[in-house]
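Subject: Structure handover

Hello,

Please find the structure below. My notes on what was found in it follow.

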Amino acid sequence: MADPIDFRINDYIKEYLESKGYSNTSNAFVRERQDRKEPVDKTKSEALHEKETDRKKYENIKEAMLKHLDNGDREEFFQLWSEHIPIEVFTNDASAKSLEFLIYTHFAVYYLRSTTLDKDEQKAQENMQVFRSYIESIRDRSISQTSDLLPLFALPYVPEPEKHASFQDLFSDEWPTELRKKVWDFLEWVFVGRSLPSLVELLQNGERASHVLVQLNRENEELKHRTRESNRQLKHLTTDYYNLINITMELVESLQQAVLGKTIANDYIDNVCARLLLARAQESQRSLTSSPRPGMDDVYTEKLDFGKIKRDLVNISTSAREKALLLQALRWKLTKAKSDFQREKVLDSFIGCDLLGCRSDTEQRARIIQQLSSPIGSDAYYVKEEWARLINTLASLRKGRNYLSPNEALIICMQKAAVSEASDTLIKQHLLAALQKLSLRRSVQTIMINHNTIKWLFPLLNHTDRLSDYTL
């Protein structure tokens with residue numbers, strides 16, 4: 001006799017076959033189970049049948065909602081929408097709120113479309129009024145700050161919006177088709193969780209558990225690494241603490257002797273100073289020997305030859321395409337890191353090798369500034385754009401801002417490069433974003449003010465219609 005768990009698995013297999021429409025296979029499978037006189041859990045069968053019934057019910061609801069969407073039946077659509085879309089979906093998912101906004105927009109313009117066969121001016125006005133009331137009801141929500149939806153807030157207040165240039169995409173043939181696809185995907189996502197075959201649910205739960213376990217193991221290793229580093233630093237600090245206590249006690253005793261009128265020999269003072277300097281030198285040596293070389297010895301950082309990378313970035317023999325691709329790869333090391341810990345380690349390796357010459361590599365700094373100052377239209381233009389992107393990424397991180405801020409020459413060059421861009425290019429956007437993030441430092445604010453950044457920004461803001469949302 002087979003184990004009871006086998007019977008449960010067979011029930012799941014039958015349910016899966018039926019859900020996918022393999023009726024012949026399912027019938028043959030049932031016959032074989034009957035031939036083997038395999039007991040069937042009636043409770044399980046009833047549950048599977050109920051789930052199959054729910055699946056068909058939700059499929060019918062989805063088809064009905066899509067039909068109402070296509071036919072402009074606003075009341076019927078939102079009746080089903082309110083009955084079958086859980087309220088917590090909108091609480092936890094901003095994209096669901098955006099989709100609902102687009103659906104209201106669709107019904108608002110449905111009877112204004114030139115392709116609509118049965119135009120109805122009264123329904124058009126009614127739908128637009130409903131849309132206006134909906135907008136007023138969400139005025140305080142974060143959706144009103146979404147840049148893609150923001151222009152649509154003006155729709156109810158524009159006479160004959162079908163003739164307005166700002167809403168041409170809304171009245172195109174493609175817009176309702178794209179919306180229908182979004183609604184279909186959303187309903188599929190909402191309903192599928194309620195009617196998934198048990199076998200699929202088991203596999204999905206197993207994959208999620210496996211992913212969580214891998215993530216926990218990775219985080220555990222990172223925490224162990226952090227703990228080892230913290231313990232090492234604590235050990236050094238403890239040693240330094242006791243050394244300083246001993247020296248302090250000796251100095252206090254010497255001070256007491258001096259108060260009593262006894263002379264303190266210069267040799268003794270020199271000895272104390274030498275011990276203090278020796279302690280600092282030993283600490284620096286420990287730091288150099290115990291900490292991994294950036295990108296070379298650290299087990300949590302990919303082994304990279306930063307010396308060669310720095311040379312290739314500024315070498316005149318390296319093509320502009322190669323430089324741009326190399327800069328993109330370095331930026332992706334930060335933006336595509338799997339965890340904050342890995343991102344921090346990558347950034348540490350960039351700073352440790354002084355990638356941009358912000359510390360002591362003045363030659364590297366000068367060559368990078370030269371590339372950022374390249375004229376518009378030159379072969380190095382894409383290199384300039386990739387430098388702007390990388391600097392903006394570095395400025396997004398606290399350690400990155402600490403690294404970039406002391407480089408006054410680079411900040412001045414970034415400002416000049418942004419000003420030199422006549423139009424709202426990606427170079428201007430990323431350099432302006434980097435400067436804005438760096439301006440959190442008072443020293444950078446002073447540099448920018450002294451080089452007339454405010455004077456440049458005022459006329460720029462007089463032409464907001466020419467600026468992207470990101471720049472603005």
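There are 13 aromatic pairs in the structure, counting rings of Phe, Tyr and Trp (its six-membered ring) whose centres lie within 6.5 Å, with planes under 30 degrees apart called stacked, over 60 edge-to-face and the rest tilted. Tyr 110 and Tyr 111 make an edge-to-face pair, at 5.0 Å centre to centre and 85 degrees between the planes. Both of these, Tyr 110 and Tyr 111, are buried (under 20% relative accessible area, with exposed over 50% and partly exposed in between, for a 1.4 Å probe and protein chains only). One aromatic cluster includes Phe 77, Phe 78, Trp 81 and Phe 186.

This is a predicted model, where local features need pLDDT of at least 70, side-chain atom pairs count only at pLDDT 80 or more, and totals for chains, interfaces and linings use all residues. Residues are numbered from 1 along each chain as its sequence is written, and side-chain values use heavy atoms, leaving out hydrogens and water.

Lys 336 sits over the face of Trp 332, 3.9 Å from the ring centre (the rule asks for NZ of Lys or CZ of Arg within 6 Å of the ring centre and within 35 degrees of the ring normal).

How many disulfides are there? The count is zero, taking a disulfide as a pair of cysteine sulfur atoms within 2.5 Å. Cys 353 is buried at 15% relative accessible area, and Cys 358 is buried at 7%.

Regards
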